[in-house]
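Dear colleague,

Please find below the structure that I am handing over to you. My notes on what was found in it follow directly after.

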Amino acid sequence: MEKNILVSVIIPTYNRIAFVEEAIISVINQTYQNIEIIIVDDNANKPEIRKSIKNIVNKYPQCVLISNEKNLGGALCRNEGIKVANGELISFLDDDDFYEATRIEKVVEKFKLSKNMRIGIIYTFCNVWTENQKKVIRSFCIEPSSNPLFKHMCNCLCATSQWTIPKHVFEEVGMFEDALCKQDSIMLLKILGADYKALCIDECLSYFRDHDNERISENYHRHLVGEVNLLNWM
């Protein structure tokens, strides 16, 4: 009998104490149980939030806590998580997002059925909820098509909370780039540009939360610099 594949779920967190525990619980409550949860605390400049993060993580023995010595940003936080991850598969979850309970189970099943392929990423569709989860605002449902690299360059296929990636892929294409924003789009360019396959599960199994807290996409200077950098990568 094939042993259960270990999946590492990496959750970078910065200044979102209101949501991060719900993100953690959504992973703990997965129907698939062979999971390690890696919390990368980027609150080096916020000691009170760092203390709260530690108190939350200590409640859940499934979690591994990495406390950055300085603020690194989302991309480098994910890299720190990848470095210590033991899983054959790596999933990402932003600290204000959450998973549907069967997400990891369905991703692992898809991976097992496709292991003879050169799989670079398995992603799911996602819903965007209001902050209090009262209503779905919109959905992201983009299929990869026969040329996923071209399609991604036209319109980003998916964001990090939708991803699961075999760990060995990072060994070939490299880690996340230290960019102001659009690191996820650049990472997908690297994976698809190396002729890896993109597999899609056409169900909304990840959930984004729409809220008024700070977002990189609303910092217009950083967003513009990130867009120019992404075009250069393309």
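Strand β6 (residues 119-130) pairs with β9 in the parallel sense, over eleven bridges. The model is a predicted one, and everything reported here is computed from it. Strand β9 covers residues 197-210 and is also joined to β5 (residues 98-99), but there the two strands run antiparallel and two bridges join them. S206 in β9 takes part in both pairings: C126 stands opposite S206, and S206 is also the bridge partner of Y99.

Two arginines lie over aromatic faces. The ring of Y99 has R103 over its face, at 4.3 Å from the ring centre. In the other case, R118 lies over the face of Y196, at 3.8 Å from the ring centre.

F92 belongs to strand β4 (residues 89-92) and W163 to strand β8 (residues 163-166), so that the pair links distant parts of the chain, 71 residues apart. Both residues are buried: F92 has a relative accessibility of 1%, and W163 has a relative accessible area of 0%.

W163 has a further partner in F176. Their ring centres lie 6.0 Å apart with the planes at 10°, and the pair is therefore stacked. Since F176 sits in the loop between α6 and α7 while W163 is in strand β8, this pair ties together parts that are 13 residues apart in sequence. F176 is buried, as is W163. Taken with F170, these residues form a cluster: ring pairs link F92, W163, F170 and F176.

The loop between α6 (167-173) and α7 (183-193) also holds K182. Phi of K182 is near 65°, a positive value in a residue other than glycine. Most residues other than glycine have a negative phi. K182 counts as partly exposed, because its relative accessibility is 22%.

How many of the eleven residues of α7 are buried? Ten of them are, so the helix is largely enclosed by the rest of the structure. Among the buried residues are Q183, D184, S185 and K190, as well as I186, M187, L188 and L189. Just after α7, D195 takes a positive phi of about 70°.

A positive phi is also found at N15, where the value is near 60°. N15 lies in the loop between β1 (7-13) and α1 (20-28). With a relative accessibility of 34%, N15 counts as partly exposed.

The structure holds zero disulfides. C156 is in no disulfide, and the nearest cysteine sulfur, that of C158, is 6.0 Å away. The cut-off for a disulfide is a pair of cysteine sulfur atoms within 2.5 Å. C158 is likewise in no disulfide, and its nearest cysteine sulfur is that of C156. Are these two cysteines buried or partly exposed? C156 is partly exposed, at a relative accessible area of 28%, whereas C158, at 3% relative accessibility, counts as buried.

With kind regards

Terms used
Residues numbered from 1 in each chain as written. Predicted model: local features only at pLDDT ≥ 70, side-chain atom pairs only at ≥ 80, totals over all residues. Heavy atoms only, no water. Helix = DSSP H or I, 4+ residues; strand = E, 2+ residues; numbered from the N terminus. Buried < 20%, exposed > 50% of the residue type's maximum accessible area, 1.4 Å probe, protein only. Pairing = 2+ DSSP bridges. Phe/Tyr/Trp six-rings, centres within 6.5 Å; stacked < 30°, edge-to-face > 60°. Lys NZ or Arg CZ within 6 Å of the ring centre and 35° of its normal.
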